[in-house]
Amino acid sequence: MSNLRLLNETTVTSGVSTISTTDVFSSDFDIFKITLEGFYASTIDYFYLRLINSSGSVIATTYDVASLEMKTNSSFNERRATNYTAMFPSTNYLPNSEAENYNGVFYLFNPTSSLSYSFMVGQSSQAEYSAMYSNKYIGVLKQTSSITGFQLSVGTLGGTFSGGKIRTYGLRVDT
């Protein structure tokens, strides 16, 4: 039997450019599920996910990432980066409209283990200029740090969050 437990729920405050969810990952679980619902920004802007180590430091290096962008009105795009600054490739962005909001689900594996890398898989969807598109993501933090939280940020182009909800779950198998 598997067990999915809600660990944290955060409603995004309008006007902030960074949201940190700290001390949410523990050794009680090896797999964590993060859902993002209804995210949008004050202006179309880049969007990043970074991990936070047990010392409270945001890790902004050594991520290897890849994504597949699937648009309904154009060809698909593959993106990759090594030693990147976040778990998302830099082409991800938040829309500036509640009607075109960003929704995603991400799974993080082994974040609290200081003996292995932390891996992520995920997917998202949103509207873009009256077309729909979705993304598939994979990523790895190439450090053996004990990770206890994560940070979402927007604002490379001057935007701030305007809405959204974050839920973090722990997932384990009970025998």
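The model is predicted, so local features need pLDDT of at least 70 and side-chain atom pairs count only at pLDDT 80 or more, while totals for chains, interfaces and linings use all residues. Residues are numbered from 1 along each chain as its sequence is written, and side-chain values use heavy atoms, with hydrogens and water left out.

**Strands around β11**

- Strand β11 covers residues 131-141 and runs antiparallel to β6, with nine bridges joining the two. Strands here are DSSP runs of E of at least two residues, numbered from the N terminus, and two of them pair if DSSP finds at least two bridges between them.
- Within this pairing, Ala66 sits opposite Ile138 of β11.
- Strand β10 (residues 118-128) is also antiparallel to β11, and 11 bridges join them. Here Ala127 has Met132 as its bridge partner in β11.
- The hairpin of β10 and β11 has two residues between the strands, and Tyr129 there takes a positive phi near 50 degrees.

- Glu69 belongs to strand β6 (residues 63-71). With a relative accessible area of 6%, Glu69 is buried (buried means under 20%, exposed over 50%, partly exposed in between, using a 1.4 Å probe and protein chains only).
- Beyond four places in sequence, the residues in contact with Glu69 include Tyr133, Ser134 and Asn135, where contact means heavy atoms within 4.5 Å.
- Asn135 lies in β11 and is buried too, at 2% relative accessibility. Among the residues it touches, leaving out those up to four places away, are Leu68, Asn92 and Gln123.

**Aromatic rings**

- There are eight aromatic pairs, counting rings of Phe, Tyr and Trp (its six-membered ring) with centres within 6.5 Å; planes under 30 degrees apart are stacked, over 60 edge-to-face and the rest tilted.
- Phe29 and Phe32 are an edge-to-face pair, because their planes stand at 70 degrees, with centres 5.9 Å apart. Phe29 is buried at 1% relative accessible area, and Phe32 is buried at 0%.
- Phe39 and Phe47 make a tilted pair, at 5.9 Å centre to centre and 35 degrees between planes.
- One aromatic cluster brings together Phe25, Phe29, Phe32 and Phe150.

Conventions:
Helices (H or I, at least four residues) and strands (E, at least two) are DSSP runs, numbered from the N terminus.
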